[in-house]
Amino acid sequence: MRRLLSTACALAAATLVVATSPVRADTWVLDKQHSEIRFSWDHLGLSRKSGRFLDFDATLEFTPTDPVAGSVEVTIKVASLQTGVKALDDHLRTPDFFNAAAHPAISFKSTGVHKTGERTGEVTGELTMLGVTRPVALSATWNFTGEYPLSSINPVYIGKWVSGFSATTRIRRSEWGLKRATPLVSDEIDIVLEVEFLRR
């Protein structure tokens with residue numbers, strides 16, 4: 001009987017350890033063909049102008065059963081910015097603005113995730129631009145995680161898992177040293193991310 005009780009206690013302890021151990025997050029890589037980063041600003045009070053970065057990468061650590069334990073890192077190539085106006089693109093890459101030659105990349109590294117709703121959350125992190133690192137917070141929506149939606153009609157996608165997210169934030173560019181033309185060109189910059197990740 002004692003041996004039986006001892007075995008039962010050992011099994012119960014082992015079960016408790018497994019139940020309380022953190023779930024290992026999956027690693028997801030960016031699906032670049034279906035992801036974008038856009039930014040917009042107020043131009044002289046006349047209209048809002050926008051641009052986007054065409055070349056960026058990201059890695060996500062994420063498990064659907066524990067989304068607040070997730071983390072993400074993003075690297076953006078400054079030279080890839082595009083507004084649709086070549087002269088403006090060229091100017092934005094100069095030392096007057098992003099100084100792409102001296103600071104070729106913008107990076108974001110998350111520091112925490114806080115749940116705000118069933119599929120929404122706040123992702124806090126550090127944004128580094130022009131050699132300056134400052135905290136930012138993104139409002140994020142978790143759109144989907146599961147087998148690729150096209151798998152039912154295209155066998156190439158069978159067994160491939162995808163996660164999709166939307167996120168927004170507003171920053172003051174002057175906090176990173178981007179002060180030129182303020183306040184005629186707004187200090188506040190709105191950023192929108194639409195991203196899809198494939199499970200590695």
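To start with, what is the relative accessible area of Arg134, and how does that class it?

A: Happy to. Arg134 has a relative accessible area of 32%, which means that this residue is partly exposed. The cut-offs behind that word are under 20% relative accessible area for buried, over 50% for exposed and partly exposed in between, with a 1.4 Å probe and protein chains only. Before we go on, please keep in mind that this is a predicted model, in which local features need pLDDT of at least 70 and side-chain atom pairs count only at pLDDT 80 or more, whereas totals for chains, interfaces and linings use all residues. Residues are numbered from 1 along each chain as its sequence is written, and side-chain values use heavy atoms, with hydrogens and water left out.

Now for the partner. Arg134 and Glu175 meet through their side chains in a salt bridge, at 3.3 Å from N to O. Arg134 belongs to strand β9 (residues 132-147) and Glu175 to the loop between β10 (161-172) and β11, so the pair ties together parts that are 41 residues apart in sequence. Salt bridge here stands for a side-chain nitrogen of Lys or Arg within 4 Å of a carboxyl oxygen of Asp or Glu. Strands (E, at least two residues) and helices (H or I, at least four) are DSSP runs, numbered from the N terminus. Glu175, with a relative accessible area of 36%, is partly exposed too.

In total, the structure holds 12 salt bridges. Another of them joins Asp190 and Arg170 at 2.6 Å, N to O. Asp190 sits in strand β11 and Arg170 in strand β10, so this link ties together parts that are 20 residues apart in sequence. Arg170 is exposed, at 54% relative accessible area. Both residues also belong to a network of salt bridges with Arg48.

A further pair, Asp55 and Lys77, meets at 3.6 Å, N to O. Because Asp55 lies in the loop between β3 and β4 while Lys77 lies in strand β5, parts 22 residues apart in sequence are tied together. Asp55 is partly exposed at 27% relative accessibility, and Lys77 is partly exposed at 48%.

Lys77 takes us to the pattern of β5 (residues 71-77). On one hand, β5 pairs with strand β4 (residues 56-62) in the antiparallel sense over six bridges, and Ile76 is the bridge partner of Phe56. On the other, β5 pairs with strand β7 (residues 105-115), again antiparallel, over five bridges; there Val74 stands opposite Phe108. Pairing of two strands requires at least two DSSP bridges between them.

Let us return to the loop of Glu175, between β10 and β11. That loop also holds Pro183, and the peptide bond from Thr182 to Pro183 is cis, with omega near 0°. Ala181 is found in this loop as well; phi of Ala181 is near 75°, a positive value in a residue other than glycine. Ala181 counts as partly exposed, at 35% relative accessibility.

As for the overall setting, the chain has two helices and 11 strands, and 34% of its 200 residues count as buried.
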